[in-house]
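Look at the sequence and the 3D structure below.

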Amino acid sequence: MKNFLLEVLVQEMPYKFVESGLGQLKSAFEKLFLENGLKYKEIKGYATPRRLAVLVENLDSQQEDTVKDIKGPILKVALDENGKYTMAALGFAKKNDVKESELYQKDGYIFAKVQKKGRLTKNILEENIENIILKLQGSHFMRWSNFEEKFTRPIENIVAILDDETLDFKVIDKKATNKTRGHRFAQNKEVEIKNPLNYLEDLKSVNVYADIQERKDLIVKSASDLAQSHGLCINFKNLDDLLDEVTFITEYPVPVMCEFNERYLEIPDIVSTTVMSKHQRYFPLYDIKTGKLSNKFITMANFVGKDKESFDNIKSGNQRVVSARLEDGIFFYNEDVRNSLESKIEHLKGMTFQRDFGTLFDKTQRIEKISEYLCKDLKFDDTLTKDTLRAAKLCKADLSTKLVFEFTELQGFIGENYALKSGEKENVASAIKEHYFPLNANSELPQSKEGMVVSISDKIDTISAVFLSTQKDKKKKRPTGSNDPLGVRRAAIGILRIIIESGFRVDIEKLIDFSVRQIAQEFNLEVELTLKSELMDFITDRLFVMLEENFDSEILESLRKTSPLSDLKLFNQKCEDLKKEKDSKEFREFIEQAKRISRITEGIDKKLLDRSLTESILKTDEEKNLLRGSFEIKTYDLKSVKDLYKLTPLINSFFEAVLVNDENIEDKNNRLALLLKLRSSFDTFADFTKFKKV
C-alpha cells in the first residue's frame, strides 16, 4: 500500500471553479482506479485559489496478477484430420504467449489460460495524470502562452509523489516534482513534500491552509473573535455564499477590522449589508446587545505578516471603497423616496420585460389578473383580495428606482421599504418583498397569503411567456440547466413549493391555461396545441425532481398521465399509497395482469370503448364474471386501489378460458372492448406498465 499526492499549482483561479475543479479531479481518479482494479482507503481533496490537490491513502502499489480463459478458434479450424493443431491454433498460442501443450479444448473451441501480470500503479499514474488534468472543464478556459492546451489559468507547478518517489511525467511544459510553492508573501517561498501524508502541515509552514473546511473554520473563528473583542457579532446564518467565496479566494485568511461613517446607517440596513456582503465580500457586524447594524465590518485579507503599515493600508483601502459605494446608496435612496412607490409604476412602461412580450408594466397588469383569478379560486375574502391585488399592482414598481437599478439584488426588499414609506399597509409591503421568494430552490418561501399569490402569479406569467416565445421563434430553445436566463426552472420549483407547503388547492393545469390565454390575447397569438402539454410536462418534471428523494421513478412515472398538477395534495397521497403497496404480493400479482391487458390492447381502436357490454351478449362465464367484477372509479382512495386486487383471479380465469382474438368478429370485439374498459379504469389510478417485473 502506498500514499499518492497530486497538486496542480496555477495562477489565481475564479473562485467558482475551485470547488468544481476539485470535484472533477477526485471523480477522475476514482474512475481511473476502478477501471484498473486498484483499491484504496480514501481520496481526499484540498484546494485554495492557486492549487487543486488530491491525496490518496493506502493505494495498491500494483494491480493483482490475473489468470483468464481465452477462447480461440473453433475445433474444426484448430485441428486437422489427424487431430493435430493447425497453424490457426499455433498462431493463437503464440499470440497469447502460451505453449502448445497448454492449449485445451472446451465446448467445441480451443482455449488457453493466459496469465496477466499486474501493472505497477506508478506506471498507470504516469500514463494518465496529464490527460486527467487537461480534461477538467469550466467556463472561460483558454490557451496560455504558445501552448495549444486549454486550462482555467496558467499552470505553474506540478507535484506528484507516490510515497517518497516523484513520478515521471509532464503536463504541457511542467515536469512533475516533489516541491511546491507557498503563499506569495511567505518568507519561505518553496517547500519539499517528502511524504504525501505531511502535505497539509508542510504547506502550513509556508503559510497555506489547503484544507477547505479547516480554512473556513479559521475564517469563522478568527472573524468572530475579532468582532467579539469590539462587542460585535456576525450573523453567519445568512452569509453561506459569502463564506464560501471568501474561503475560495484566500490561502491564509486574516481578519481586518474596518469602519465607515455612521451617517450611512440612515439608509435601510439591507442597502448597507448588500453593498458589504454582495459587492465587496465584507462581513457586516451587529451590536451584541441591541442587534443593530454597526458601522464596523470585517474584511478577510489573504495576507502573511504582522507589520502595522500593511494592515493600515488594507484597512484604509477597503474603507475608501465601501464609503464610495455607500455614498452612492444614500444618494439614490434619498432621490427615490421623494415620490411614492405607486408613482413609479408609470416608469415601467419604458422597461422591456421580454422581447415581443411587452414591458414590465404589461407584465404587472397580467400579474394583477392572475392574482385576481387565484383569489377567487382560493375563496379569499374581500379584504384579503383587495390587499393581494394592491401588492400585485405595486410588486414591480421598485425596478424603476435608482437604487435597484444600481443594486439589483435589492429588488423586492427596497420595494417593501418604499411601500411603507409611501403609507402602504404592512401586509401589502411584505407581499411586495415576498413575491420574489423563493430566491433559489431551497430558500425561504413567502409567509403571507398575499405574498404567495403574487409570487405564483409572477412566476407562472414568466414561464408562460418564455414558452410562448419559443413557439413564436423556433430558433429559441426550451429552458435547460445551462440555458435559463429568466430562471424558469427555478420559478416552476417555486410555484410547486409554495402550493405544496401552503396547502393551497390550486389546479396548476387550469392556472397554466389562464396565464397562457392572457399573453396570447394581449399579443394576438395562436397557441399551438402542443404548447400547453409541453408546459405541463416541464413543470411535472420539476415536481418529479423535488419528489425523487421520497418516491422512486416507478411510482412517479406511473402517475405522470393522471394529471398530477391538477391537485398536488392528492398526487402526493397517490404516491404515498403506491409506495406502501408496491412491494406487496397482491399488488405485484395484479400489475402483471394489468400489464398483460395493456399489451393486448395496445393500438386497438378506442372506439370500442363506446361499445355497450352486457352479460347477455358475452359467451363465457369468465367474461361475465370479469364484467360483473369490474367497477367504475369515481373518487380516489386507497380502498379503491386494494379493490383492484379482487380482479386478479377473475383476469387469470378469463385468460385461461377465453381466446381474445376469436374468429367470430363480434366475440373478438366484445372481449377487446371489455379489456379496453378495464385498462381505461386502471389508467385513472396509474400506468401500471411503468412498474418493473419482480
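## Terms and model

A residue is buried when its relative accessible area is under 20%, exposed when that area is over 50%, and partly exposed in between, with a 1.4 Å probe and protein chains only. This is a predicted model, where local features need pLDDT of at least 70 and side-chain atom pairs count only at pLDDT 80 or more, while totals for chains, interfaces and linings use all residues. Residues are numbered from 1 along each chain as its sequence is written, and side-chain values use heavy atoms, with hydrogens and water left out.

## Cysteines

How many disulfides does the structure hold? It holds zero. A disulfide is a pair of cysteine sulfur atoms within 2.5 Å.

Take C375. C375 is buried, with a relative accessible area of 1%. Its closest cysteine sulfur is in C395, 13 Å away, so the two are too far apart for a bond. Now take C258. C258 is also buried, at 1% relative accessible area. The closest cysteine sulfur to that of C258 belongs to C233, and because the distance is 17 Å, it is too far for a bond.

## The open sheet

Helices (H or I, at least four residues) and strands (E, at least two) are DSSP runs, numbered from the N terminus. Two strands pair if DSSP finds at least two bridges between them.

Five strands form an open sheet in the order 2-3-1-9-10, with antiparallel pairing. Strand 2 (42-48) and strand 10 (165-166) are the edge strands, as each pairs on one side only. Strand 2 runs antiparallel to strand 3 (residues 51-59), and seven bridges join them. Here K44 stands opposite L55 in strand 3.

Is strand 9 (residues 155-162) mostly covered or mostly open? Strand 9 is mostly covered, with eight of its eight residues buried. Seven bridges tie strand 9 to strand 1 (residues 2-10), and the two run antiparallel. L6 has A160 in strand 9 as its bridge partner. Strand 9 also pairs with strand 10, in the antiparallel sense, over two bridges. There, L162 has E165 in strand 10 as its bridge partner. The hairpin of strand 9 and strand 10 has two residues between the strands, and D163 takes a positive phi near 55°.

## Pockets

Rolling a probe the size of a water molecule over the atoms shows where empty space is left. The search uses a 1 Å grid over the protein atoms alone: a cavity is a set of points where a 1.4 Å probe fits but cannot get out, and a pocket is an open set with protein on both sides within 12 Å along at least five of seven lines. Lining residues have an atom within 4 Å of a point. Grid points are joined across faces, edges and corners, and a volume is the space filled by probe spheres set on the points.

The largest pocket has a volume of about 2100 Å³. It is lined by 49 residues, and the closest to its centre are K278, E409, Q411, F413 and L439. Several elements give two or more residues to this lining, among them helix 7 (240-248), strand 17 (282-287) and helix 10 (360-377). Helix 8 gives the largest share, six residues. Ala, Val, Leu, Ile, Met, Phe, Trp, Tyr, Cys and Pro count as nonpolar, Asp, Glu, Lys and Arg as charged, and the others, Gly among them, as polar. By these classes, the lining of the largest pocket has 20 nonpolar, 14 polar and 15 charged residues.

The second largest pocket has a volume of about 360 Å³. Of its 21 lining residues, R497, I500, L543, M546 and L547 lie nearest its centre. Helix 16, helix 18 (529-547) and helix 20 (568-581) each give two or more residues to its lining. That lining divides into 12 nonpolar, four polar and five charged residues.

## Cavities

The whole structure has two cavities of 30 Å³ or more. About 40 Å³ of space lies in the largest cavity. Its lining includes L559, K574, Y636 and F685. Seven residues of that lining are nonpolar, none is polar and one is charged.

The second largest cavity has a volume of about 30 Å³. Which helix gives the most to its lining? Helix 25 does, with three residues. Helix 21 (585-601) and helix 25 (665-683) each supply at least two. The residues lining this cavity include A594, S598, R679 and D683. Its lining has three nonpolar, two polar and three charged residues.
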